[in-house]
Amino acid sequence: MAETGQKFPEVQGGGSLMIAWQVKGKKVLVVGGGEVAAGRILHCLNADAAVTVIAPSSRLNPEVAYRVAHHQVTHVDRNFLPTDLDDDAISMVLVAVDDPAASTQIWKLCKQRRIPANIADVPPECDFYFGSVHRDGPLQIMVSTNGKGPRLASLIRKFIAKQLPSDAGQAIETVGQLRVRLREVAPRPEEGPKRMAWMSKVSDAYPWDEMCGLSDEDIGHLLRFYPSGKVPSLDELKAMRANPAGKDVFDGSFGFSVGA
């Protein structure tokens, strides 16, 4: 094939496919009840998974015992058995026990059944890794070192978090509300490219603090500009707040000019 002169991203092999795995309502099996298991369990509960913990009660750390006592997880009070994997509803298995031989055996059983698994602290026996995660409402940022330096991942994640606005999560919530209402206004599939382009303009138009301060009324005013593909300035939005009836306020697409 002839060269086109275009430049494309270079392939960097050796990485992981970074995805946001949707496990809401799906069954996740956690083998172990110590500190590492507690962290895995919390990650899964934050993703609304249905978590089953297999570990003797005597080996549950305080946090896992709390989850069990408050019925946040299903608890099987014994050691793991191969038959625990017979449930076709299991979406993934997380192993966090201080027994390398047993961990490897569970890994092999998962491979036989084609169940994705993560064996704590054994990268070669993992279909996926857990990274260091920053969470602010809908905002999730994961840093992964592909199993090479978990402590470094945590330090990098904390550094990134400090650079973010304190209200980033709320700003994203506002953008999400606008997207939902925009789909109600322009529901047709063929409008998809125009919706995406307009939402990009909105996201670039306002500072974080102003974005999270937008009210339902402001969102309604914003949507009035969608047909023209324009985005009002903050001053124009403020003028519309002061004049919600729309008198003498116009965005140009309907024949009058905002903030006149």
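Select threonine 174 and show what surrounds it: leaving out residues up to four places away in sequence, it touches Met211, Cys212, Leu214 and Ile219, where contact means heavy atoms within 4.5 Å. You're looking at a predicted model, where local features need pLDDT of at least 70, side-chain atom pairs count only at pLDDT 80 or more, and totals for chains, interfaces and linings use all residues. Residues are numbered from 1 along each chain as its sequence is written, and side-chain values use heavy atoms, with hydrogens and water left out.

Helices here are DSSP runs of H or I with at least four residues, strands are runs of E with at least two, and both are numbered from the N terminus. Is threonine 174 buried or exposed? It counts as buried because its relative accessibility is 4%; the cut-offs are under 20% for buried, over 50% for exposed and partly exposed in between, using a 1.4 Å probe and protein chains only.

Now pick residues 136-163. An unreviewed UniProt entry lists them as "domain: Siroheme synthase central", in the numbering used here, with a shortened name and an annotation that may be inferred rather than shown by experiment. This stretch is 50% helix and 21% strand, and its end C-alpha atoms sit 13 Å apart.

Finally, zoom out to the whole protein. You can count nine helices and seven strands. Its C-alpha atoms fill a box of roughly 75 × 60 × 35 Å along the principal axes. Of the 260 residues, 35% count as buried.
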